[in-house]
Amino acid sequence: MTTTARAILAGGLVSFNIWDTVALAYAGKGDPLDADKFEIKPNSEEKTSESRSHKDYGQARASVVLPKPTEITIELSAASVQVLAMQFQGIVQSLTQSSGAFAAQDFTLTALDVWLPLGKRNIAEAGFEFTNAGDTVTYVLGTHYDMNWLRGEVRFKSTAAGAPAAAAVLKLTGMYGAVDGKKILGGRVTQVRTQVFFDGQNMVDSSPLEVDVWEAVLGSSNGFDFLGSDFTPITLSGKLVTPPGKTEPYEVRTPGAAI
C-alpha cells in the first residue's frame, strides 16, 4: 500500500565520486559522509511580453518560464582528507616516511633563534641529543634548544650560556618514526567536478529518499576557521550539469513510497 507522508523531515548521508584531474576519470564513489545540508535549488527565468495596445496596455500577451541551471549547496561536517581538499581547492598527495635513525649525523646550525628542519618528521624524544663536532659537549634540551617533535624542527637559543654559534656543525643522534598520512596542496584546483549521492529517509514515515547527481561543478564558498569556537562546517556550492548520455542533471527517488 502506498501512502503519502504529511510532511518531510529528512536525514541522510552524502557520498562523492570526484573527477581525477590527472587520470581524467572519476576516482570511484567514496564512503558516506555526515552532512548538515544537502540543498538542490531549481532555477528559472520568467519572460513576459507586455501589450502596448491602448485597449489592454500593460497586460501580458504571453508569458513563459524558462529553466536555468540548477544550483546545489552541500554543508559537510565530516573531516575526511577528500572533504578538506575540496575546501582548500587542493590536490591530495601521500605523506610518507620510513622509520630510521640519525647516527652522529652532521647538522649545520645555519641560524639561531629560528626553527630549523632536521629533514625528518615524528622525532622520538628518547635517545635524542645534539653534541658539538668533537662530541665533547652535549647540548641540553630546554636550555640550549627547543624541539618540535612532530614537525622535526629545532631552535637553538642565542642567549643560553654555552650555546653553539651560528654556522657551527653539530652532531645529531636520535630516532624518527614512520609516517603514513596525507597532505593537501592547497589552491591547485579551483573547482571540484564530482558526482554526488544522497542516501537518506524521511524521518516522518521512514520512507527512503535517494538523490543521484550525475555531475556537479562545486567550489568552496566559505572560509575555514581553524580556531573557531564552534564546529567548523565545509560548505560547497555550484551548478549541476547534464552530462552526455543523460537528459537531466539529477534524479530523486523514493523507492516503495510516495512523497
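A residue is called buried when its relative accessible area is under 20%, and exposed when that value is over 50%. The structure on display is a predicted model, and the tour below applies these terms to it.

**First stop: an aromatic pair.** Select F128 and F130, both of which are buried. Their rings form an edge-to-face pair, with 5.5 Å from centre to centre and 80° between the planes. Across the model, the count of aromatic pairs comes to 14.

**Second stop: charges over rings.** Select W19 together with R193. The charged end of R193 sits over the ring of W19, at 3.9 Å from the ring centre. Then move to W214 and K246, where the charged end of K246 sits over the ring of W214, 3.8 Å from its centre.

Strand 11 (residues 153-156) is joined to strand 7 over 2 bridges in the antiparallel sense. To inspect this pairing, select L116, which stands opposite V154 of strand 11.

**Last stop: the surface.** Select L9, M203 and V204, which make a nonpolar surface patch of about 300 Å². L9 belongs to the segment before strand 1 (10-20). Is L9 buried or exposed? L9 counts as exposed because its relative accessibility is 56%, and the cut-off for that term is over 50%.

Definitions and conventions: Residues are numbered from 1 along each chain as its sequence is written. This is a predicted model: local features need pLDDT of at least 70, side-chain atom pairs count only at pLDDT 80 or more; totals for chains, interfaces and linings use all residues. Side-chain values use heavy atoms; hydrogens and water are left out. Patches are made of residues with over 30% relative accessible area and no salt bridge: like charges are joined within 9 Å, nonpolar side chains (Val, Leu, Ile, Met, Phe, Trp, Tyr) within 5 Å. Accessible areas come from the Shrake-Rupley method with a 1.4 Å probe; for residues, only the protein chains shown count as cover. A salt bridge is a side-chain nitrogen of Lys or Arg within 4 Å of a carboxyl oxygen of Asp or Glu. Helices (H or I, at least four residues) and strands (E, at least two) are DSSP runs, numbered from the N terminus. Buried means under 20% relative accessible area, exposed over 50%, partly exposed in between (1.4 Å probe, protein chains only). Rings of Phe, Tyr and Trp (its six-membered ring) pair if their centres lie within 6.5 Å; planes under 30 degrees apart count as stacked, over 60 as edge-to-face and the rest as tilted. A charge sits over a ring if NZ of Lys or CZ of Arg is within 6 Å of the ring centre and within 35 degrees of the ring normal. Two strands pair if DSSP finds at least two bridges between them.
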